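Here is a friendly walk through one model, written for someone who likes cut-offs stated plainly. Please keep the viewer open as you read.

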Amino acid sequence: MKSKLLSIALVLMLLIAGLMQISAVVHDRQTYRQIAIQGVAQSLAGAQTLTGPLIHMSCTEEWDLKLDKEVRAERREFLMVAAPALLSVKGTSQLEPRARGLHATQVFSLKAQLVAQWTDTEALKPTALHAGSRMNCGQPLLMMAVSDARGIRHASVRIGEQTLPLKPGTFFGSYPRGVHAPLPPALARAMPLEAQFELELVGTESISVVPLGGDTRMHLSSNWPHPSFGGQFLPVERKITDDGFEATWRVSALASTAQQDVTQKDGARGKGVCPPAGGGGARGSCLEAFSVTFVDPANTYALSDRATKYGLLFIGLTFLAVGLFEFMKALRVHPIQYFLVGAAMSMFFLLLVSLSEHMRFDAAYAIASSSCVLLLTYYASYMLGGWARGLPFGLGIAVLYGMLFVLLQIEQTALLVGAVALFTVLAAIMMLTRRIDWYARFRQTEPAVGAAA
């Protein structure tokens, strides 16, 4: 008896090693998928962040500095920046898959209308720091920055009835990617000033908007039904259906430091978008924003990885069922038979990964689980001495696979459902074996095992 238990323990160790190898295969495929997604982003455009519109102007102050008998000319260069008092963004995004080999990712196409209003240009009036200095300022530039300019498909700006010609680049510190338009002097002096941008932008993974207006409002709709709202500001209104989502944000400059971070004297040194709260990173070294990430729920490798984590539990429950049949019905099941049953259970996870690369995950799961259930039912009918025992065994395996599929679909409550299911299995085993005299049962099996030896 002891030698058999040791043999079964060795079989379990071998199967655990096999599950670890299968898990390594899943992680490798996940890595290949991420490389493919990065390849699409490098060839098309990555995650996009909108910063602007802003009006900025480069100025130079020159003065004479007297040192003893020498007069030396000094100068300083600085940037004047005016953020809009009101910024309104209305956009629609359409997503479509792009693939590299077997691996696909979602690419979005954003069509946005941005309306920015300035009530005055006090922020563009330079102040001399030295008496008697000479002040020279360039032409004001109206700019809009994006994180990846390769994604710009169309951009235009209109002030009143006049359409301004846009040029590449922003000439704004460390936010150089985007577009700009020189403001004619007559428009620069006209207050209040309203600029209307039309922007068509493509990218991958996510869209972020930096709330630079004194009052920033955004409405975004999309055909993607799986959004993940992030950043520092969640939408005040949102509606998610099977056909897509709609979301609305409203952010005041009183609640955000984004405007100060960009428009202050050294704010143009280039700060990235802050991670979500609790995501790490120094708050003072990044820009607050609100964002939408287009989550792909069909990430079959993530689902397969979660399924593989249940592999040892599946094998343990199966071995327990075989052991109960063997013990209660006075059967003899060889350790090699235990190994073959465990190997079939392990092969399910490898089949699941390989099939899900070529078809929907639920279809791959159905084929892999059905194949394993049929194989184990057929094998168990001979291992356990008849179809009357093999069919209930196969039915139990089918219930296990069905429970696993449910756990994979309900990620938020998977722990609760799994714990209740395990408790139910344990209670069933205890009820079925409550009248067994285990000492007597072991005394009956030990002579039989000795005689067989």
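Which residue in β11 is the bridge partner of V157? The bridge partner of V157 in β11 is F197.

A word on conventions: residues are numbered from 1 along each chain as its sequence is written. This is a predicted model, in which local features need pLDDT of at least 70, side-chain atom pairs count only at pLDDT 80 or more, and totals for chains, interfaces and linings use all residues, while side-chain values use heavy atoms, without hydrogens and water.

The predictor's confidence in each residue, pLDDT, runs from 0 to 100. Its mean for the protein is 83, and 90% of the residues reach 70 or more.

| Strand | Partner | Bridges |
|---|---|---|
| β7 (residues 152-159) | β11 (residues 193-204) | seven bridges |
| β7 | β8 (residues 162-164) | three bridges |

In β8, Q162 stands opposite I159. The hairpin of β7 and β8 has two residues between the strands, and G160 takes a positive phi near 65° there.

Now to R360, which sits in the loop between α6 (335-356) and α7 (361-383) (helices are DSSP H or I runs of at least four residues). R360 is exposed, with a relative accessible area of 61% (exposed means over 50%, with a 1.4 Å probe and protein chains only). The C-alpha atoms of R360 and E77 are separated by 59 Å, and the two residues lie 283 residues apart along the chain.

Definitions and conventions: Buried means under 20% relative accessible area, exposed over 50%, partly exposed in between (1.4 Å probe, protein chains only). Two strands pair if DSSP finds at least two bridges between them.
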